[in-house]
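Hi everyone, thanks for coming along.

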Amino acid sequence: MHSKQVSIGIVNFRTPELTRVCLRSLRKFSDLSRVEIIVVDNNSQDDSLEYLRSLDWITLIERAPIAGETPADSHARALDMALAKASAPYFMAMHTDSIV
């Protein structure tokens with residue numbers, strides 16, 4: 001049996017304030033013993049990466065850019081990385097502007 005029931009994948013790209021609010025909301029209203037939160041930073045190069053590195057209750061993946069990829073491709077590849085890292089039987093994708 002899996003220890004987590006759902007893995008939540010979130011892609012971060014240059015949205016430091018939204019990311020903080022989104023993650024604070026998830027932490028407050030989720031049972032972290034049952035939920036795994038995976039955040040993929042899509043090479044933000046802003047304050048959000050330092051913030052994400054400071055959180056010991058998320059799994060952070062730092063994704064390097066691929067030359068010539070579109071924003072949609074970048075987002076899709078980031079979600080693929082989160083899905084590959086997920087350990088729960090269910091996976092939910094969220095945007096940083098989704099507030100629980």
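Let's begin with the largest pocket, which holds about 280 Å³ of space. Please keep in mind that what you see is a predicted model. What lines this pocket? There are 16 lining residues, and F13, N42, P71, S74 and H75 are the ones that lie nearest its centre. If you look for elements that give two or more residues to the lining, you will find β1 and α3, which covers residues 71-85. Of these, α3 makes the largest contribution, with 3 residues.

Now to the sheet. In which order do the strands sit? Reading across, it goes β3-β2-β1-β4, an open sheet of 4 strands with parallel pairing. At the edges are β3, residues 59-62, and β4, and each of those two pairs on one side only. From one strand to the next, the twist averages 20 degrees.

Let's follow β1 to its neighbours. With β2, it pairs in the parallel sense over 7 bridges, and S7 has E36 of β2 as its bridge partner. With β4, β1 also pairs in the parallel sense, over 5 bridges. There you can find I10 standing opposite M94.

Next, is β2 enclosed or open? It is largely enclosed by the rest of the structure, because 7 of its 7 residues are buried. You can check this face by face: V35, I37, V39 and D41 are buried on one side, and E36, I38 and V40 are buried on the other.

Compare that with a residue in β4, namely A93. Its relative accessibility is 45%, so A93 counts as partly exposed; the buried class stops at under 20%, and exposed starts at over 50%. Leaving aside residues up to four places away in sequence, A93 touches G9 and L79. How far apart are A93 and N42? They are 51 residues apart in sequence, and their C-alpha atoms are 15 Å apart in space.

Let's turn to helix α1. Where does the helix sit? It lies across β1, β2 and β4, and runs at about 170 degrees to β1. Its buried residues include T19, R20, C22, L23, S25 and L26. What do the buried residues of α1 pack against? They pack against β1 (6-12), β2 (35-41), α2 (47-53) and β4 (90-94).

Finally, two loop residues to look up. One is R14, in the loop between β1 and α1. R14 is not a glycine, yet its phi is positive, about 55 degrees. The other is Q45, in the loop between β2 and α2. Q45 also has a positive phi, near 55 degrees, in a residue other than glycine. Is Q45 buried or exposed? Its relative accessible area is 60%, so Q45 is exposed.

Note on methods:
Residues are numbered from 1 along each chain as its sequence is written. This is a predicted model: local features need pLDDT of at least 70, side-chain atom pairs count only at pLDDT 80 or more; totals for chains, interfaces and linings use all residues. Side-chain values use heavy atoms; hydrogens and water are left out. Buried means under 20% relative accessible area, exposed over 50%, partly exposed in between (1.4 Å probe, protein chains only). Contact means heavy atoms within 4.5 Å. Two strands pair if DSSP finds at least two bridges between them. Axes are lines fitted to C-alpha atoms, for helices over the stretch in contact, and angles run from 0 to 180 degrees between N-to-C directions. On a 1 Å grid over the protein atoms alone, a cavity is a set of points where a 1.4 Å probe fits but cannot get out, and a pocket is an open set with protein on both sides within 12 Å along at least five of seven lines; lining residues have an atom within 4 Å of a point. Grid points are joined across faces, edges and corners, and a volume is the space filled by probe spheres set on the points.
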